[in-house]
Amino acid sequence: MNFILDNLLSLILWIPALTAIVILLLPRTKVKLIRWVAFLGSLLPLALSLVLWFQYDAAQAGFQFMQRMVWYEAVNASYFLGVDGISVTMVLLTTLLTPAAVLISWSIKENVRSYMVLFMLLETGMLGVFMALDLMLFFVFWEVGLVPMYFLINQWGSGNRDYASIKFLIYTMAGSLGLLLAIQLIGVASGTFDLLQIMEQWPALSEPLTLLGLPISLSIETVKVIAFWAFVIAFAIKVPVWPFHTWLPDAHTEAPTAGSMILAGVLLKLGAYGFLRLVLPLYPEQAQTYAGVLGLLAVLAIIMGALSSWGQKDFKRLVAYSSVNHMGFVILGIAAYAYAGTTLAADDAVIALNGAVLQMFNHGLSAAGMFLLVGVIYERTHTRDLDAFGGLFPLAPVYGGILLFTSMASLGLPGLNGFVSEFMVVRGAWPIFTLYTALAMIGLLITGAYIVKAIRLVLHGPMNERWQGQHLEINRREVFSIAPLMVLMLWIGVWPAWIVKVINQTVLRWFG
Amino acid sequence: MPILEFTPSMLLAILSEMGLLVLAGIILLVDAIGRQGSRRNLGWLTASGLAAILIAMFIWGKPEASEGLVLGGMLRHDWPAFTFKILLLFAAAVTALLSTGMKPFGDRGEFFALLVVTVMGMNLMVSAADLIMLYLAIETTSIPLYVLAGFLKGDDKSTESGLKYFLFGAIASAVMLYGFSLIYGFSGETNLYALAAGVQAQQLSPWLMGGMALLVIVGFGFKISAAPFHFWAPDVYEGAPTPITAYISTASKAAGFAVLVRVMLAVFPAIQAYWAAILTAMAVVTMTLGNLLALAQKNIKRLLAYSSIAHAGYILIGVVAVNPPPLGTASMLLYLIAYVVTNLAAFAVVVLFARSTGSDEIEDYAGLSRRSPGLALSLLVALLSLAGMPPFAGFIAKVYIFAAAVQSGLIWLAFVGVINAIIGLYYYLTILKVVYLYRSDDEDRRIAIPGAHAVALVGCIAAVLIIGIISGPWLDWTLQAVSSWF
Amino acid sequence: MDFPVLSIITFTPIVAGMVILCLPAHRKREIRILALVAATIALLLSAWAYFTFGQAQGDYRFEEQYAWIPALGISYHVGVNGISMPLVLLTGIVIFTGVLISWNIDDRPREFFAFLFVLATGVFGVFVALDLFHLFFFYEIAVFPMFLLIAIWGWKVTREYAAMKLTLYLFIGSVIALVGALAMYFMSGLNTFDLLALEQAGFSTAFQRFWFPFVFFGFAVLGGIFPFHNWSPDGHVAAPTAVSMFHAGVLMKLGAFAALRVGIMLLPEGAQFWSPLIIILATINVVYGASIAMVQSDFKYVIGFSSVSHMGLVMLGFATLNKDGLTGAGLQMFSHGVMTALFFAVVGMVYDRAHTREIPKLGGFAKVMPLVAVGFIVGGLVSMGMPGFSGFVAEFPIFMGLWQKQPVAALIAVVGIVITAAYVMRIVRQVFFGKMPEAFEGKVGGVTTFDKIALVLLSGIMISIGVMPSLMAPMVETGTEIILRLVGGV
């Protein structure tokens, strides 16, 4: 038990990778075995992260479960893991969504072994980002997740997958190059990649870099602004913040169901997490200066995302654009905090930031759920055209119920999770960015419009004769897969305190 | 330099010459009284005779430490002379082996006898210390060579070759003799080592001395086939019997260099800058011209002729890089050794190939690596050594030559040499490409390699490798040998 | 060190080559087995040396020295430091996998393996050389077998041209460097070619500045530096698979290593003076190489130009002259060597089956040879510097070093990485996952066990180093420190 507790993060991080190796050694034809191994291999981290969740002491300051080993001595990078309230939430989300996604991937028929291997590697990559406390390690995992995702889309995606996958890859890689260079700049200037040390040194760094032996004659402010934007753009692409979002609808739409779930559920959070973990602590001043721009982009994301979503005829594309819309709230919360975190409105800022983190978690649940449901119906009808559906409720009552439930959570119906976090963001941001927040409320209206539109076109209205007599009902496996998500949606909606407490303590300590 | 009193032991200085004379007599005797069958082995006889002399030289003929001229001041028995003699004997032995059994000269006693006489002439050349002796030695060498070059009487090309060689040689000799006479006229001396002092005593203008040097250089330039006195070489090489071509391109050239360096150092030390400048210009022109013209050749003998002109250019770098001694001259000597064994190896392959196929055209070498992998590999070794690739002798030699140039501050000359080496590599590789890459119709027809040729070829290849890999002792030898020139 | 491991490593291939030459030409099976045995010995010994490296003492481990040409102060002097040791191992790996891949060569395998082994001896000899003459000697030995290997067993269309071009380029470079080396020899007045002694010769600044370009660029020709890179893609493309592997995998490192060993370490002030120029040229290498690779339609040309691009990173690392950059360059030499060997192996396997390398005409090969596809993807990820693979471990410090030296170059060079990602993905998509043309359907088979061993070995090494940089980085650092002492950096 001590071994498990001492190495908890490493275990969570590496069990999926080990599972991938085990799967690789299994014979290609034993599809069933491969699926079960993968499923168990993803349940184990879930169990461990539940342990983590309960062992995590919200009241205690700083990072917990820290682990540190020499990794790449030549550049002073180490294998350094640790979690705080924000990352522990994200770890939980990741480990929760992965088994669900694996379960839904039962429908994958070809090349199951490679699929599962990639999926497990993807999980390791994502978890690593949330756990890393070393800037270089952060980057390593940041990139590692990219490749499996690319192949998941490219190999198991639908029609336009080639285009979508390469667009995803190039966008993200282009973003991470700036990140890489900025990380190196910071590493060279601080002589270490240890995030804790950097957090202390870098923001306070004021002497010009030439004094540190760097041939950079720019003033330190300029350098910081450049590095700030390198970070922001990298994370903004991942989130995605309007106008860097154009890869998202393509990638989400073309990815296989489980891929979309993870993409929307976790991968987008990586960007937001980057803002929280790196941008705000490392560049408080620059963040404050440019918070207005960020807020504007967030509002644009909310409104444009919602409008685009409204205009879609493709069910999956509609859900994809809704991610742009929802992640806009996360960014709005972050921007509000960045702007006012150190001012008199600090209390409001903290609320907004709390809301942003919770929104990350919530969106992870609901977006994953929505993609799952889109996948379910697509598998049976082989179409995503909203006009091709219609009146499916009687044919698939259970499915219809779940879809209603999940989309209401996504819409922000009070009593379900989405409402809580969006309310917190709006509440916190209102005194800080009144105009933006007001505009965001308009976006919220449109959110209602497109979700209702989707439900109407799918479930209600005159029944499309095509589906008469076809079996469209959701099956038990799929229900199992989505049930935990629904439970959490409801639970957070009704009693959010258990999770907000953890987040809030960290936010207060970090930023309050 | 003192002229030593005669003692019987002095005869050891002409050990090789005496041996060669005896050998020539034996050859003629065997030819006259021997039966048809024994004539076929004349090549073996000649080669083993030469080898015996070579061994005897090592045992008894090594020069002594005492400085001085022997036999009435006619000869100087020093280490350079000894080294050159060994080299010449080796070259002649290989040539004899390559001639064995070759139609129509391989069973002719006079052929081998003439060959032995030329060796004797060259041996005298490299140790001559007197103008008279020098001239006689050169003529003793040249006249049999003219005959040998034109030995294939029925063959127009060979006849042309002999005649051309004779005409060019005669003119060059005449010019050189004129130079000798001027030197004698101004100094009243014929002894090389007394000349320098004599000339200096006259307080001659440097221009006049330069003119004399130039005339002498014409004669030697012909021998070493340096531009602009190289015109005879391609035609003579192409027409002469191939073993003789090999011989002219190696031994004759080596002997030419030996006298060139000896005369220049002994007679014209005062105007070193002047003759060095002339030779530098000659070196540049020779190697560039040789290499560029070699590019266009289709006949392998002509190609090797131009390549041997180019090599004369490289060797001249060693001569002009005379200061500071002894690296320059030592590198020249080593280059000659490497060049002689390598070129003989190359010609051995040419001889063998022509013996079976009757062709010297490069394009006919197609498929050689399939017909005879061993022969192809030998050609590879020889050509790469000529190109200056390790681990072969040519690499070491080029490194020393360039080192000498760099040491004496002639860096630009080293670069000229480098560029030429690249051109050289190009055409050698072109041959190898034909050998290894191209196919031909008669790939399954083997090429016979008689015993004598095999011995010659293996000996040369082994020498190429040994000099290339274990180069330390050879360099030591050459460094030590040339030190007596200074 | 009593056991002369480096000499044995160096001469095992050539001895095997000579023995092979003595076998009758039709005993092809025996020839191959003998080749494999020799390659295995070389690999195992270099691996042994690699892993016992840490136990030996001093800057240079496993030293041996014998007089060779005493008159000029030339000795047979070998020893390895932290930078050359990985390269020796690399050579062992590439020769071993090269023999595995070439198992089915049917045209004169005897000559093929003999020449290949002569090449290997040359390469080993350069990497272990501690004597300038020794280095040149083996350097030239490594150059000329290349000509025959490409000309005889290469791709019919361009082999003559490419072989000639390659040999002449390399020869030009090396003899120019040779003149520089001779100048150093005489200038030092030490009457020795020993590298360790020449390092301490204290050449004047003017001398160093004058001669550095000759020596450095003379060797860097073989390292493929712009604008002298022209020989390399042609050569890569024309060469048979094993030779391409050797060529791009090891030979280009040979140039880079010699440029470092002779150019930078003997003429450090010259290096300081010229490093801006090297940075400019190497940056062009990186971006230009990648861009040209992007527009090629021949599979092998893509890889050929990618080598140009990656060797640019090595040169960039050299030019930084600081700890990070040099360490990265050392790692990149190894990483790129393994990676590009893998690439060319894959190209060869595809070409053997499809008989075309036109990317648009290929497709769907992942189905028939999944392992090859995985191997190529691993190589591709290494080449785009993806974390978790050796390429990242190498490129990261290079960029770190570059930041300290010339940030603008870092910004420009990083573009090369994006382009790399694009062309790698293009190949992966088209060749391995695209739709298989009907002409190949059912006609192309899988790969042999030997091929698989080679692929797994090469990919495994790249992943191991990517995950655990400590396998190699500390060793390279010890080598870097030696250079820094000479250069006077930090």
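Two strands are taken as paired if DSSP finds at least two bridges between them; helices (H or I, at least four residues) and strands (E, at least two) are DSSP runs numbered from the N terminus. The model is predicted: local features need pLDDT of at least 70, side-chain atom pairs count only at pLDDT 80 or more, and totals for chains, interfaces and linings use all residues. Residues are numbered from 1 along each chain as its sequence is written, with chains lettered from A and ligands numbered from 1 in the order in which they are written.

In chain A, strands S1 (residues 64–72) and S2 (residues 77–83) run antiparallel and are joined by six bridges. Arg68(A) stands opposite Phe80(A) in S2(A). The two strands form a hairpin with four residues between them, and Asn76(A) in the turn has a positive phi of about 65°.

In chain B, helix H8 (residues 192–201) packs against helix H11 (residues 242–267) at an angle of about 35°, with the axes 8 Å apart. Axes are lines fitted to C-alpha atoms, for helices over the stretch in contact, and angles run from 0 to 180 degrees between N-to-C directions. Residues are in contact if their C-beta atoms, placed from the backbone, lie within 7 Å. The residues that meet are tabulated here.

| Helix | Residues in the contact |
|---|---|
| H8(B) | Leu192(B), Tyr193(B), Leu195(B), Ala196(B) |
| H11(B) | Val263(B), Ala266(B), Val267(B) |

The residues of this contact divide into seven nonpolar, no polar and no charged. Here Ala, Val, Leu, Ile, Met, Phe, Trp, Tyr, Cys and Pro count as nonpolar, Asp, Glu, Lys and Arg as charged, and the others, Gly among them, as polar.

Between chains, 28 residues of chain C are in contact with 29 residues of chain B. On the chain C side, H6(C) gives the largest share, 13 residues. That side divides into 25 nonpolar, one polar and two charged residues.

Notes. Two residues are in contact if their C-beta atoms, placed from the backbone, lie within 7 Å.
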